[in-house]
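Let's take a walk through this fold, from its overall surface down to a few individual residues. Here is the chain to keep in view as you read.

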Amino acid sequence: MSTTRRKALLLGLAFAATTSTITQPASAQSATQALAQESVIETIKQDGVLRVGLSVFTPWSMRDKNGELIGFELDVGRALAEDMGVDVEFIPTSWDGIIPQLVSGNFDVIISGMSITPERNLTVNFTNPYAYSGLTILANKAMTEGFSEEDYNSPDVIFAARRGGTAPVAIAQLFPKAQLLLFDEEAASVQEVLNGNAHATMYSEPAPSIEARRYPDKLHVPFDKPFLATGEGFALRKGDPDALNFFNNWIAGRTATGWFKERNDYWFKGVEWESKVAE
């Protein structure tokens with residue numbers, strides 16, 4: 001190869017490398033901008049409304065005596081919408097269908113006391129935890145009198161639990177020999193225990209203690225400890241880093257001011273709100 005041709009080849013390679021170096025960042029920037037424009041945060045801003053999926057269970061979310069939704073999650077959703085400068089729409093959804101409804105786009109985010117689990121994380125993304133709770137056993141007094149924790153792990157024992165929640169998983173892990181009945185709502189599980197059709201149910205405090213106070217002759221919380229305490233996060237669709245970033249920063253900011261603790265103490269440790277809810 002002649003010296004002239006060699007120089008021309010080297011100049012061509014240098015030009016190609018320079019062009020590639022310039023093009024790649026521009027292409028990456030364009031992709032980043034497109035991703036940001038597709039974020040649910042932009043949809044919320046454009047529509048002027050935050051759509052929140054939730055499932056009704058005390059005291060996360062419930063109906064008051066006028067039929068209006070109240071509870072910890074309602075406070076969270078309203079505060080989030082207020083800080084975003086938009087309205088909020090709450091969409092009650094059955095628990096076993098709430099993740100598919102999110103993925104289908106029927107609402108923007110799930111704020112419903114959803115425990116962060118690897119199985120769920122395969123389908124949706126989770127924010128950092130904004131609340132922490134464990135599961136508590138609520139048992140039929142007459143049917144479980146004198147029971148130790150080990151006695152619940154028996155083929156003769158029947159648990160009732162809400163379908164699609166963390167309780168059925170916990171029961172299967174902690175009490176694998178027990179029978180398990182599944183229902184769409186927490187209230188139905190409690191009713192089975194009240195009626196003597198199940199020995200116990202399991203779900204998040206303070207609801208079990210509330211039911212035990214409501215029916216002291218029939219129900220009790222036999223163990224003063226939570227089982228499988230986990231963190232709860234907002235759930236959102238995958239592929240949306242801007243929304244994940246915003247929600248995480250909002251949770252961090254509200255946590256730093258003590259707002260989450262104040263609301264958590266009110267709904268999970270206090271009892272003054274109970275008079276607002278129909279028995």
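Accessible areas here come from the Shrake-Rupley method with a 1.4 Å probe, and for residues only the protein chains shown count as cover. On that basis, the chain has an accessible surface of about 14,300 Å², with 52% of it belonging to carbon and sulfur atoms. Keep in mind that this is a predicted model: local features need pLDDT of at least 70, side-chain atom pairs count only at pLDDT 80 or more, and totals for chains, interfaces and linings use all residues. Residues are numbered from 1 along each chain as its sequence is written, and side-chain values use heavy atoms, with hydrogens and water left out.

Now the overall build. The chain carries 11 helices and 13 strands; these are DSSP runs numbered from the N terminus, with helices being H or I of at least four residues and strands E of at least two. Of its 279 residues, 43% are buried, where buried means under 20% relative accessible area, exposed over 50% and partly exposed in between (1.4 Å probe, protein chains only). Taking contacts (heavy atoms within 4.5 Å) with a separation of 6 or more, 70% are between residues 24 or more positions apart.

On to the cores. A nonpolar core is a set of buried Ala, Val, Leu, Ile, Met, Phe, Trp, Tyr and Cys residues joined through side-chain atoms within 4.5 Å. The largest one has 48 residues, and Phe-72, Val-76, Tyr-130, Phe-234 and Trp-250 have the most contacts inside it. Helix H3 (residues 72-84) is the top contributor to this core, giving seven residues. Apart from it sits another core, of 16 residues, including Ile-137, Ala-161, Ala-178 and Phe-223. Back at Tyr-130, the residues touched include Phe-72, Val-76, Ile-111, Phe-234 and Phe-260, leaving out anything up to four places away in sequence.

Grid points are joined across faces, edges and corners, and a volume is the space filled by probe spheres set on the points. The count is one cavity of 30 Å³ or more, and the largest cavity has a volume of about 150 Å³. It is lined by 19 residues, with Phe-57, Leu-135, Arg-162, Thr-166 and Ser-204 closest to its centre. E10 (200-204) supplies at least two of the lining residues, as do E7 (131-140) and H7 (166-174); the largest share, three residues, is from E10.

Two residues are worth a stop. Leu-236 lies in strand E13 (residues 235-236) and counts as buried because its relative accessibility is 2%. Among the residues Leu-236 touches are Leu-102, Val-124, Ala-243 and Phe-247. His-199, in the loop between helix H8 (186-194) and E10, is also buried, at 11% relative accessible area. Its contacts beyond four places in sequence include Leu-138, Met-143, Phe-147 and Asp-156.

Finally, the backbone. Most peptide bonds are trans.

| Cis peptide bond | Omega |
|---|---|
| Thr-58 and Pro-59 | about -5° |
| Glu-205 and Pro-206 | about 10° |

Pro-59 falls in the loop between strand E1 (49-54) and strand E2 (62-63), while Pro-206 is in the loop between E10 and helix H9 (207-214).

Definitions and conventions: 1 Å grid on protein atoms, 1.4 Å probe; cavity = no way out; pocket = protein on both sides within 12 Å on 5 of 7 lines; lining within 4 Å.
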